[in-house]
Amino acid sequence: MSVWLIEPVDPLIARDGRPAAVGRFSTVGFPYPSMTAGAVRTRMGSEGGAFVIPRESLGELRENVIVRGPLLAEMAGEKDEISQWLAPAPRDAVFLEDAGKVNLKRLAPRPLRSGEAMDSLLEKDLTPLRFHGGETYGKPPAGIPAFWNWKDFETWLISPRDRRDVDLQSLGAASLPVERRAHLAIQPGERVGIDGMLFQTAGLRFLQNTRQDGPSFETRRFALSVWCRGGHVAGRDLALRPQIAPLGGERRLARWSPASHGWPEMPAAIREKIAETGRARLALLTPAVFEKGALPGWSGGAWPLDGSITVNVRAAAVPRPEVVSGWDLFKGRPKRSRRLAPAGSVYFVELNGSPEDRRRWCDETWLACVSDGEQDRRDGFGLVALGTWEDEE
């Protein structure tokens, strides 16, 4: 079990599995777990550049090689050291601009009042979210970060508080820039273009320019990080090794290397607060696959990671769904399209059990995957971090 870094050398084309438009290959804003999981298994099962796992062992490969992530890591120095981890912006944090200043407001559940009811199509025990502190004014500002620095994200998990006059640029990083390229099909053996055979690709650049003024520039360098566990497949022990290998569409190259240290550990303050109150926030770090769409199928039932705890969702901050498909190499056909709860979604949950059971639950759930399906969890869908939830009333 180890954490690896995948740093794209070229713009990364991370597609969602939809058919390409005529002459155009676009990318999603951040790779889905299924892409990195498939790439990890391909790298483990390859020798000398060729994939050597027999077809009858592909199911064994999917079950035995477990992948979590990807998370975004910022790199620094010439030795490929990790300067910090970054997390998708949590959806229970809202930025509003008022009188020229940007304020951070938090969303929190509130009980239904007399005469109020939730939509009957939703879970009957769900409660609405509201801004903490009463009336709120302003409009969303420009430049809201898509990713938070882990230090700020961890502070938000431990004790979410409204903030005034927030510096958005210092809070995290913007979405990865998209680079578009035009291509021309070449006549084989003649080195001349074919008339009308033009197409365009769009890929994610893992470099960001932090200065927009003047001819000079300063860049931030990023990489994907995955937690993976090798396995025994087709009589072979599989493991990753450092290499330059393809990733994503068009077989663009990426540098694969072990991370200098593991993913962040859970703060003790979060564990103790959840054990005391029996309440938690689940913040998705990767998109999740739930049988009810935006709502987990395990709410009120068996917890997918085993254990004696029952978890009930009381409120949720979930944006519009994302859609993913792909190619199933094992079955030799396209995967069905599925809706995902996007990364950054936040679920307010209540736990039963003793304080010791809750502590154990925290340790098992931190940076684990909580999608409904076991294979989806093996693929990295539904990676979560835990935060505290204080009673608003």
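**View 1. The structure holds 1 cavity of 30 Å³ or more.** The model shown is predicted, so local features need pLDDT of at least 70 and side-chain atom pairs count only at pLDDT 80 or more, while totals for chains, interfaces and linings use all residues. Residues are numbered from 1 along each chain as its sequence is written, and side-chain values use heavy atoms, leaving out hydrogens and water. A cavity here is a set of points, on a 1 Å grid over the protein atoms alone, where a 1.4 Å probe fits but cannot get out; lining residues have an atom within 4 Å of a point. Grid points are joined across faces, edges and corners, and a volume is the space filled by probe spheres set on the points. By type, the lining of the largest cavity splits into 5 nonpolar, 1 polar and 5 charged residues.

**View 2. Helix α5 (residues 268-277) has buried residues at Ile270, Arg271, Ile274 and Ala275.** Seen down the axis of α5, these buried residues fall within an arc of 125° and so line one face of the helix. The arc is taken from the directions from the helix axis to the C-beta atoms, and buried means under 20% relative accessible area (1.4 Å probe, protein chains only). Helices (H or I, at least four residues) and strands (E, at least two) are DSSP runs, numbered from the N terminus. Look around α5 for the partners of its buried residues: α3 (150-158), β20 (279-284), β26 (346-351), α6 (355-365) and β27 (384-387). Contact means heavy atoms within 4.5 Å. After α5 comes glycine 278, with a positive phi near 75°.

**View 3. Serine 325 sits in the loop between β22 (322-324) and β23 (327-328).** Serine 325 counts as buried because its relative accessibility is 15%. Its side chain reaches the backbone oxygen of lysine 335 at 2.7 Å. Not counting residues up to four places away in sequence, serine 325 touches Asp16, Gly17, Lys335, Arg336 and Ser337.

**View 4. Glycine 380 lies in the loop between α7 (374-378) and β27.** With a relative accessible area of 0%, glycine 380 is buried. Leaving aside neighbours within four places in sequence, glycine 380 is in contact with Pro33, Val67, Arg68, Gly69, Thr286 and Cys369. Valine 226 is 154 residues from glycine 380 in sequence, and their C-alpha atoms are 8.8 Å apart in space.

Terms used. 1 Å grid on protein atoms, 1.4 Å probe; cavity = no way out; pocket = protein on both sides within 12 Å on 5 of 7 lines; lining within 4 Å. Nonpolar A, V, L, I, M, F, W, Y, C, P; charged D, E, K, R; others polar. Buried < 20%, exposed > 50% of the residue type's maximum accessible area, 1.4 Å probe, protein only. Polar contact = N/O pair within 3.5 Å; in protein donor to acceptor, adjacent residues only side chain to side chain.
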